[in-house]
Amino acid sequence: MLFKLQPRPQPSQRMVWLSPLLAIALMLLVGMVIFTLLGQSPIKAFHAFFIEPINDMYGLGELLIKASPLALIALGLSVGFRANVWNIGAEGQLTIGAIAAGGVALWFYETESLWVLPLMLIAGALGGMLWAAIPALLRTRFHTSEILVSLMLVYVAQLLLSWLVHGPWRDPDGFGFPQSRQFTESAILPIMLEGTRTHAGIWLTLIALVMVFVFMRWSVVAFQMRVAGLAPRAADYAGFNAKRTIWIGLLTGGAAAGIAGMNEIAGPIGQLSMPLSPGYGFAAIIVAFVGRLHPIGILLASLLMALLYLGGESAQMQLALPAAVSGVFQGLLLFFLLATDVLIHFRLTPTWGSKA
Amino acid sequence: MNADTVILILVATITAGVPLIFSALGELVVEKSGVLNLGVEGMMIVGAISGFMVAAESGQLWLGVLAGAGAGMLMALIFAFITLTLMANQVATGLALTIFGIGLSAYMGQAYSSVALEGIKSLHIPLLSDLPVLGQLLFSYDPLVYLALLLFPLLVWFLYHSRGGLVLRAIGESPTSAHALGYPVIRIRYLAVLFGGAMAGIGGAYLSLAYTPLWSEGMTAGRGWIALALVVFATWRPGRVLLGAFLFGGVTIAQFHVQGLGVDIPSQFLSMLPYLATIAVLVLISRNAKTIRLNAPASLGQAFHREVH
């Protein structure tokens, strides 16, 4: 090998911030190679992927609509991730949150009231928390892996939604399509920006951002959770409550994902239908990592990931590439981030000239 | 239910267990070496589409199986490089591998969702296959089923009766001591991860070439995750992996037969069974924390660098 990894005496603070940028650059570089291999002009493809989707007001609005759930879920997950609580079932918690909120909307179908939306919000949060409470309970009582349980519950949640929109909640005038009735105005979030589809849900994301920021910066619980994540034995020794860490980590992620689910159905979709999300719950995991589990970083990462989604759609329309291309880019981004993270703790040193 | 139905269900159970046998036994070897690769689902689904594409283009089904194994290995190589050479977090890298694999497979398979393939046929062994009952129960499968069943004794022999297996397990228990004894920790972990990738790839290719010979997006439907759960269920013992795979095969098949018995349950609830069964089994096994702690390879999931330890 030409290079060798040498441990740094101290982790490099500079690389903590540089490695996400390096990862983005590498992702773009590999993207360019992929486009060239596919016989596309890389410049044209890049324009279609990264510029075209956001060169007008409507496009910017779409960017916010997609970034909002990603940031919201990632903020919730980051609380757990910092404590090594691996909730990877946010997609299922989003689905249950949407079901609970959608249930409220359908229950009050004939009611014109300002209370419907707040009720939907509470139902969404509780639904997500309920779904996240299952892995939390099983982990704290039976030591069951929260990774596998939260993931299995994604499939269960999606099947539950499928049953509802095919069966009891199917729109009687929907020509048999698997979807619920269109919600009435009381159950739809108001539009924030004229000429776009940007809805009031983005405020919820901004509130969550401030809350998580304050929680992580100033609360003792967050400090204890971080210690538990970094050094479980030290946390044990200091008498920090490990079970509380697991509960808080999972419930925060569940509540955030549930609210994101409510935002989707009360926002751009306006009804319960299949599928609800293009994998926001999984993409948010990447957002949390690329954002360094830090609220501001998560905000920036969510915008980038939202752009990847929009780019995928635009590449589909303009270049006849499948929209799944965005999944490839998202995966690449996380790979490169994890790979460049090595530079935080290690230095690359050339092996020539030194005694290897 | 008559005898014929029972035999039919048993045969279907065996075939449904086969993709799990491949991928879970592969992951077992990976975890025995101390590496936790959560990317099984991603490796399986890329194996499924790669195998299908090569088989559809070349007309050679077995070339497809090989392609599935190769694709799984390439995926595993990405994981190995990031976690073993660059020492990244194994949990996050495994998740990335799955997200990447699901996107990549959907992209690769775009043109193949309406392609029909004949699929790998069951063997017909003269005389044996014609035996009543036993013929159908034992001698009516496609060659990959027998390959999966052959893999099991080979793996048991390798892990517990060969020098290589001993070294592999030693590395999983204590990479530092194994390194001090002069064993190449990283190289052996690379080999284990690549083997796991090949097996997951074959497991995926079995789905798209034999089990249901077609390609549809997301067709692995969480089987990679169930394989991971199986390894925990088996407390890292190959015999119980095999048993568990058939158990889950049975649960998967049960959903098709419950309705046939006249029980009126919406299909979605029956489709939840394998996932709910996985959770239930995980709870049963994990409730005794000691079993897990005693049986899991001691260094599972930890990065190794010879100058840091």
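**Entry 1**

I started with Met32(A), which sits in helix α1 of chain A; helices here are DSSP runs (H or I, at least four residues), numbered from the N terminus. This is a predicted model, so I kept in mind that local features need pLDDT of at least 70 and side-chain atom pairs count only at pLDDT 80 or more, while totals for chains, interfaces and linings use all residues. Residues are numbered from 1 along each chain as its sequence is written, chains are lettered from A and ligands numbered from 1 in the order in which they are written, and side-chain values use heavy atoms, with hydrogens and water left out.

Met32(A) is partly exposed, with a relative accessible area of 35%. My cut-offs: buried is under 20% relative accessible area, exposed is over 50%, and partly exposed is in between (1.4 Å probe, protein chains only). Leaving aside neighbours within four places in sequence, Met32(A) is in contact with Pro42(A) and Phe46(A); contact means heavy atoms within 4.5 Å. The C-alpha atoms of Met32(A) and Phe46(A) are separated by 7.8 Å, and the two are 14 residues apart along the chain.

**Entry 1**

A reminder to myself: an α-helix has 3.6 residues a turn, so residues three or four places apart point the same way.

**Entry 1: salt bridges**

Glu313(A) pairs with Lys66(A), with the closest N and O atoms 3.3 Å apart. This pair links distant parts of the chain, 247 residues apart: Glu313(A) is in helix α12 and Lys66(A) in helix α3 of chain A. Glu313(A) is partly exposed at 33% relative accessibility, whereas Lys66(A) is buried at 9%.

Arg139(A) forms a salt bridge with Glu146(A), and here the closest N and O atoms are 2.9 Å apart. Arg139(A) is partly exposed, at 27%, and Glu146(A) is buried, at 5%.

Arg292(A) and Asp341(A) meet in a salt bridge of 2.4 Å, N to O. Arg292(A) lies in the loop between α11 (280-290) and α12 of chain A and Asp341(A) in the loop between α13 and α14 (342-345), so the pair ties together parts that are 49 residues apart in sequence. Both count as buried: Arg292(A) has a relative accessible area of 18% and Asp341(A) one of 19%.

**Entry 2: Gln93, buried or exposed?**

Gln93(A) counts as buried, at 1% relative accessibility. I located Gln93(A) in helix α4 (residues 90-107) of chain A. Its side chain joins that of Asn87(A) in a polar contact of 3.0 Å. For that term I used a pair of N or O atoms within 3.5 Å; within protein, one must be able to donate a hydrogen and the other to accept it, and residues adjacent in sequence count only if both atoms are side-chain atoms. Leaving aside neighbours within four places in sequence, the residues in contact with Gln93(A) include Trp131(A), Ser150(A) and Gly254(A).

Most residues other than glycine have a negative phi, and most peptide bonds are trans. I noted these cases against that background.

- The peptide bond from Met274(A) to Pro275(A) is cis, with omega near -15 degrees; Pro275(A) is in the loop between α10 (242-269) and α11 of chain A.
- His143(A) has a positive phi, near 60 degrees. I found His143(A) in the loop between α5 (116-142) and α6 (146-166) of chain A, and it is partly exposed, at 44%.
- Trp236(B) also has phi near 60 degrees. This residue is in the loop between α10 (223-233) and α11 (238-260) of chain B and is buried, at 4%.

Technical notes
Helix = DSSP H or I, 4+ residues; strand = E, 2+ residues; numbered from the N terminus. Salt bridge = Lys/Arg side-chain N within 4 Å of Asp/Glu carboxyl O.
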